[in-house]
Amino acid sequence: MAHGIPLVLVVGCILFARPADAQIKTFPELQGRTPAPLPPPPQPPIINGPGRQAPPPGVAKTTPPKAHGDRVTRCMHQGAVNGLHGGRLSSYVRRCGNSG
């Protein structure tokens, strides 16, 4: 008989148990509710300082040298950078300097 009472209590609790009232009540105004979208960010201020007036940074465009001496100097530099020396550099500079 001592084993029968706890069994009756367990079965009774299972059969007559109800969920709490807070779990049953529904609030239709809160169901499927999404938050309002955020407003768009403010536009950045327009700055007309010297940074806006200057050309964008980057590689400076150079014009090809006009004078014969400038062309020869450029050709000597290019030949030396590319590994020419001695007679080969001299003939390259002569050919390059006179071509322009």
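What is the handedness of the disulfide of Cys75 and Cys96? The torsion about their S-S bond is about -65°, so the disulfide is left-handed. Before you click around: this is a predicted model, where local features need pLDDT of at least 70, side-chain atom pairs count only at pLDDT 80 or more, and totals for chains, interfaces and linings use all residues. Residues are numbered from 1 along each chain as its sequence is written, and side-chain values use heavy atoms, with hydrogens and water left out.

Select Cys75 and Cys96 and show the sulfurs: they sit 2.0 Å apart, and a disulfide here is a pair of cysteine sulfur atoms within 2.5 Å. The structure holds one disulfide. Cys75 lies in helix α4 and Cys96 in helix α5, so the bond ties together parts 21 residues apart in sequence. (Helices are DSSP runs of H or I, at least four residues, numbered from the N terminus.)

Next, select residues 68-81 for α4 and 87-99 for α5: they pack at about 140°, axes 8 Å apart. Axes are lines fitted to C-alpha atoms over the stretch in contact, and angles run from 0 to 180 degrees between N-to-C directions.

Among the contact residues are His68, Arg71 and Met76 of α4 and Leu89, Tyr92 and Val93 of α5.

Definitions and conventions
Helices (H or I, at least four residues) and strands (E, at least two) are DSSP runs, numbered from the N terminus. Contact means heavy atoms within 4.5 Å.
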